[in-house]
Amino acid sequence: MTGKVRIALVGLGFGGAFLPIYQEHPDVEVAGICDSNQEVAKIFAEKYQVKRIYQNLEEILKDDELDAVHLVTPLDQHEEQTVAVLEAGKHCACTVPMAVTLEGIRNIIKAVRTYGKKYMMMETALYTYHYMYAKELLDAGKLGRIQFLRGSHYQDMTNWPEYWRGLPPMWYGTHAISPLAGLSGARIRSVYGVGSGTMEPWLVENYGNPYPVESVLLSFENGIKGEATRSLFETARAYQEGMFIYGSKASFEWGFRDEDPPYLTILKKEGYLPLNELSDAKRGKEMQVTKLRLPNRYEKLPEKLRKFTVGGKFDPLNPQRSPEEGAGAGHHGSHPHLVHEFVRSIMEDRKPQIDEILGGNITAAGICAHQSAMEGGVVIEVPEF
């Protein structure tokens with residue numbers, strides 16, 4: 001593609017954080033914005049000098065001058081809206097999850113193949129400081145062989161919009177599952193899900209889901225196993241979108257709270273002693289545990305977007321300081337990386353990293369996990385898309 005990508009942003013609650021990033025991207029022209037609350041749309045349009053406010057998605061779909069749409073809308077609308085955007089001949093980025101049914105995932109994949117446009121599931125957990133650092137360790141061989149993976153997403157959704165009430169936790173398990181899928185290097189083949197705890201009856205009414213917490217054991221095609229846990233209601237736990245990688249040489253573990261620094265455990269000396277040298281004093285292996293200062297991979301971005309990795313405190317002369325100080329912007333600096341990957345996939349006419357296949361596998365694993373939990377923990381094969 002030549003010229004700039006003309007894009008419309010739909011949904012300005014959480015989506016409003018992406019507007020200034022798109023505006024400063026050198027390959028983007030923000031054509032307009034849309035929100036169900038027109039007053040909110042007017043505030044954003046004035047603040048960021050956006051020329052056009054679309055009244056609804058239908059108006060966006062009819063705009064032949066648009067190249068792409070970024071949907072940041074309620075999760076129960078993702079399937080229908082994504083298919084509509086692709087069908088209208090526009091590239092589509094959409095917040096997580098991809099859909100809330102397996103059929104919804106299939107419908108999106110069919111639309112991608114039918115209309116030939118790019119689709120990207122905007123999963124923040126695959127672009128955090130943590131994930132990029134751990135992936136670099138893995139690729140360099142410093143973690144050794146992955147022995148086990150864990151993911152977590154603890155968040156209380158009290159007083160959130162109505163569609164969240166009683167939601168099956170694993171329908172929104174992508175933040176916990178996606179890092180494991182990315183690091184494993186393989187497709188999630190099957191799941192074994194369990195639900196735990198009890199909720200007030202009124203919380204069960206929307207979806208018939210009785211569980212405030214769900215966990216899933218994930219089996220990957222290459223033999224690696226992983227476990228992910230998601231809590232949504234009536235569970236007293238500090239917020240965390242955690243990622244834990246246990247390797248033969250080193251292990252990476254998220255801090256207790258989301259903003260706490262992670263830990264790296266390194267095996268100081270490998271190998272086993274000969275049988276004649278064994279003694280009680282030499283059992284086990286010595287480990288070195290380090291509290292990490294995570295690097296900010298700002299250099300992967302256009303210069304104008306680098307400040308968005310750390311928010312308003314970005315110092316171009318010392319860009320590594322802010323992650324340590326907890327000033328990371330947008331899910332640990334992930335937002336500008338998401339925007340840049342989506343835009344460049346269009347410009348370079350290639351699949352985005354989190355395309356309909358990877359996004360489908362991650363989302364389907366959560367959907368199947370809830371089904372497994374509701375059926376008493378049967379093993380369910382995740383569809384191959």
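Me: Histidine 332 sits in helix 10 (residues 330-333). What makes that stretch a helix?

Reply: Helices here are DSSP runs of H or I with at least four residues, and strands are runs of E with at least two, both numbered from the N terminus. The model is a predicted one, in which local features need pLDDT of at least 70 and side-chain atom pairs count only at pLDDT 80 or more, while totals for chains, interfaces and linings use all residues. Residues are numbered from 1 along each chain as its sequence is written, and side-chain values use heavy atoms, with hydrogens and water left out.

Me: Why is histidine 332 called buried?

Reply: Its relative accessible area is 17%, and buried means under 20% (exposed is over 50%, partly exposed is in between, with a 1.4 Å probe and protein chains only). Histidine 332 therefore counts as buried. Its phi is near 55°, a positive value in a residue other than glycine.

Me: What about glutamate 234: is it buried, partly exposed or exposed?

Reply: Glutamate 234 has a relative accessible area of 43%, so it is partly exposed. This residue is in the loop between strand 9 (225-231) and strand 10 (240-247), and its phi is positive too, at about 50°, although it is not a glycine.

Me: How do you know that tyrosine 127 is buried, and what does it touch?

Reply: Tyrosine 127 has a relative accessible area of 8%, so it is buried. It lies in the loop between strand 5 and helix 6. Contact means heavy atoms within 4.5 Å; leaving aside neighbours within four places in sequence, the partners of tyrosine 127 include Met120, Met132, His332 and Ile354. That brings us back to histidine 332, one of those contacts.

Me: Why does proline 212 count as buried?

Reply: Proline 212 is at 3% relative accessibility, and therefore buried. It lies in the loop between helix 8 (201-204) and strand 8 (213-220). Not counting residues up to four places away in sequence, its contacts include Pro169, Met199, Arg230 and Phe233.

Me: Why are helix 6 and helix 7 called roughly parallel?

Reply: Helix 6 (residues 129-139) and helix 7 (residues 174-184) pack at an angle of about 20°, with axes 11 Å apart. That makes helix 6 roughly parallel to helix 7, because angles under 35 degrees count as roughly parallel (over 145 is roughly antiparallel, 65 to 115 roughly perpendicular, the rest oblique). The axes are lines fitted to C-alpha atoms, for helices over the stretch in contact, and angles run from 0 to 180 degrees between N-to-C directions.

Me: Which residues meet there?

Reply: Tyr131, Ala134, Lys135 and Leu138 of helix 6 meet Pro179, Gly182 and Leu183 of helix 7. The residues of this contact divide into five nonpolar, one polar and one charged. Ala, Val, Leu, Ile, Met, Phe, Trp, Tyr, Cys and Pro count as nonpolar, Asp, Glu, Lys and Arg as charged, and the others, Gly among them, as polar.

Me: How do you know that strand 3 and strand 4 pair?

Reply: Two strands pair if DSSP finds at least two bridges between them. Four bridges join strand 3 (residues 68-71) to strand 4 (residues 91-94), and the two run parallel. Valine 69 stands opposite cysteine 92 in strand 4.

Me: What sheet has parallel pairing, and in which order do its strands come?

Reply: It is an open sheet of five strands in the order 2-1-3-4-5. Strand 2 (28-34) and strand 5 (119-121) are its edge strands, as each pairs on one side only.
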